[in-house]
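Dear colleague,

Please read the text with the structure open beside you.

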Amino acid sequence: MPVEYLKHGKAESEISDDDNKIRVIVESTLHEIKSRGDDAVRELSEKFDNYTPPSFKLTQEEIDNLISELSPQEVSDIKFAQEQVKQFAQAQRDTMLDLEVEPLPGVILGHKNIPVQSVGCYVPGGKFPMVASAHMSVATASVAGVPRIVACTPPFKGLPNPAVIAAMHFGGAHEIYVLGGIQAVGAMALGTETLAPVHMLVGPGNAFVAEAKRQLFGQVGIDLFAGPTETMVIADETVDAELCATDLLGQAEHGYNSPAVLVTNSRQLAEATMLEVERILGVLPTAETAAKSWEDYGAVILCDTYEEILEVANDIASEHVQVMTDRDDWFLENMTAYGALFLGARTNVANGDKVIGTNHTLPTKKAGRYTGGLWVGKFLKTHSYQKILTDEAAAMVGEYGSRLCMLEGFVGHAEQCNIRVRRYGGVEVPYGTAAPVIHK
């Protein structure tokens with residue numbers, strides 16, 4: 001049986017593409033920030049967020065006052081989630097070892113893992129205060145040992161959100177700014193009179209934030225190119241329609257363009273899930289958003305075999321892949337393109353997003369084919385080094401280097417090798433010629 005679509009999302013050609021319009025707006029806005037600094041940032045904040053405080057940077061007193069607005073339970077919950085994220089990030093960090101080897105007598109090769117020296121963490125908050133995003137970026141950068149962590153978040157309903165600010169502070173941010181959108185990303189990357197530029201930008205955001213990161217990439221590093229949230233449910237007859245529909249809509253409520261896809265080998269489950277989606281949309285408070293995503297971007301794909309399911313799933317390469325089958329570990333072993341896997345009916349994407357410990361900043365738009373998500377290693381740079389300890393090693397490696405440089409026509413390169421052969425090997429190599437064969 002060929003793969004059958006019981007429900008299609010919009011084809012790419014049907015989707016309204018505002019990318020070019022967004023690109024032009026972002027390009028112009030970044031130019032304003034670069035040329036006018038704080039004045040431009042202040043005007044943009046007033047225009048888009050109706051927020052112009054005396055200073056966008058929070059003082060320690062302001063941070064403490066905002067945290068005091070939270071209940072003890074809210075503070076405890078934030079700290080619990082961060083502890084899970086930090087523990088997993090630390091376990092990942094512990095696998096990244098510095099290296100030094102001696103492949104030839106007297107030749108030392110190695111690498112060191114060095115933290116990026118300054119990072120700008122963007123935490124969205126215009127529509128929903130994304131408390132968990134602070135854990136994923138700020139706390140993970142802290143575990144990596146980044147010495148300067150700048151965190152920006154927009155005002156929520158006109159004011160700093162206490163929970164987001166608390167998460168940034170507890171996560172280890174050294175500077176916290178109530179600043180959103182292009183103006184936040186641009187200020188962190190380009191710098192202004194009051195905000196020194198950073199070396200790297202991380203964190204999710206809307207289409208304008210994503211485009212700003214794309215345009216700034218190269219001037220600064222970025223974590224990844226991120227689009228709207230995506231979710232896929234892979235399921236068979238071992239689970240029911242309510243579970244599948246709940247997991248699909250739980251991510252569809254993120255925005256009006258959040259793809260949600262069911263891939264199954266059970267026609268009964270597929271049809272029942274579509275009915276269950278409609279039932280839940282009748283009671284879901286965020287149904288206006290979720291229903292639009294489901295209508296335009298939802299898909300139900302019926303396959304004949306598990307191998308077909310695997311092929312479809314790897315081709316779509318969804319950000320979140322919820323697997324609920326009688327062979328979850330088989331998918332773990334064989335899936336190659338995704339953001340993160342959530343294995344078994346007891347597991348769910350919301351836990352992964354908020355508390356379980358893995359990072360929720362993940363690749364979208366098929367980027368899972370070539371990259372994973374944000375993790376502690378993204379904040380570390382692996383730098384190699386070399387050292388030659390003996391005259392004999394300098395002459396021997398130089399001899400091979402000389403001939404290989406001349407093979408490519410690089411005479412100046414060859415002379416870097418030849419001078420060592422002369423000085424440390426006592427062999428007179430005529431200037432601009434390849435070293436003779438001494439070592440075999």
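**Helix pairs**

Helices α10 and α11 are roughly antiparallel to each other, because their axes cross at roughly 155° and angles over 145 degrees count as roughly antiparallel, which is how the pair is classed here. Before going further, please keep in mind that this is a predicted model. Helix α10 covers residues 267–281 and helix α11 covers residues 287–297, and their axes come within 10 Å. The crossing of α10 past α11 is left-handed, and the residues that make the contact are M274, V277, E278 and L281 on the α10 side, with A287, A290, A291 and W294 on the α11 side. By class, the contact of α10 with α11 holds seven nonpolar residues, no polar ones and one charged one.

A second pair consists of α7 and helix α8 (residues 207–216), whose axes are 8 Å apart and pack at an angle of about 25°, so that α7 is roughly parallel to α8. Here α7 passes α8 in a right-handed crossing. From α7, the residues G181, I182, V185, G186, A189 and L190 meet F208, V209, A212, K213 and L216 of α8, and this contact of α7 with α8 is made up of eight nonpolar, two polar and one charged residues.

**The sheets**

Turning to the strands, there is an open sheet of five strands with parallel pairing, in the order β6-β5-β4-β7-β8. Strands β6 (175–178) and β8 (221–222) stand at the edges with a single partner strand each, so one side of each has no neighbour in the sheet. Strand β7 (residues 200–202) runs parallel to β8 and is joined to β8 by two bridges; in one of the pairings, M200 has G221 of β8 as its bridge partner.

Helix α6 (residues 162–171) lies across β5 (149–153) and β6, and runs at about 170° to β5, while helix α7 (residues 181–190) lies across β4 (119–122), β5 and β7, running at about 170° to β4.

A further open sheet has three strands in the order β2-β3-β14, with antiparallel pairing. In this sheet β2 (99–104) and β14 are the edge strands, each with a single partner, so one side of each is left without a neighbour in the sheet. From one strand to the next the twist averages 20°. Strand β2 and strand β3 (residues 107–115) pair in the antiparallel sense over four bridges, and V101 has L109 in β3 as its bridge partner.

How is the chain divided into domains? The assignment gives domain 1 (17–98 + 116–223), domain 2 (228–368) and domain 3 (390–425). The C-alpha centres of domain 1 and domain 2 lie 29 Å apart, and the contact takes 15 residues from domain 1 and 15 residues from domain 2.

Finally, I356 is found in the loop between α14 (349–354) and β14 (380–388). Leaving aside its neighbours within four places in sequence, I356 is in contact with Q84 and N351. Between the C-alpha atoms of I356 and Y5, which are 351 residues apart along the chain, the separation is 33 Å.

Note on methods: Residues are numbered from 1 along each chain as its sequence is written. This is a predicted model: local features need pLDDT of at least 70, side-chain atom pairs count only at pLDDT 80 or more; totals for chains, interfaces and linings use all residues. Side-chain values use heavy atoms; hydrogens and water are left out. Two strands pair if DSSP finds at least two bridges between them. Contact means heavy atoms within 4.5 Å. Axes are lines fitted to C-alpha atoms, for helices over the stretch in contact, and angles run from 0 to 180 degrees between N-to-C directions. Angles under 35 degrees count as roughly parallel, over 145 as roughly antiparallel, 65 to 115 as roughly perpendicular and the rest as oblique. A crossing is left-handed if the near helix is turned anticlockwise from the far one by less than a right angle, and right-handed if clockwise. Ala, Val, Leu, Ile, Met, Phe, Trp, Tyr, Cys and Pro count as nonpolar, Asp, Glu, Lys and Arg as charged, and the others, Gly among them, as polar. Domain bounds come from an automatic or database domain assignment.
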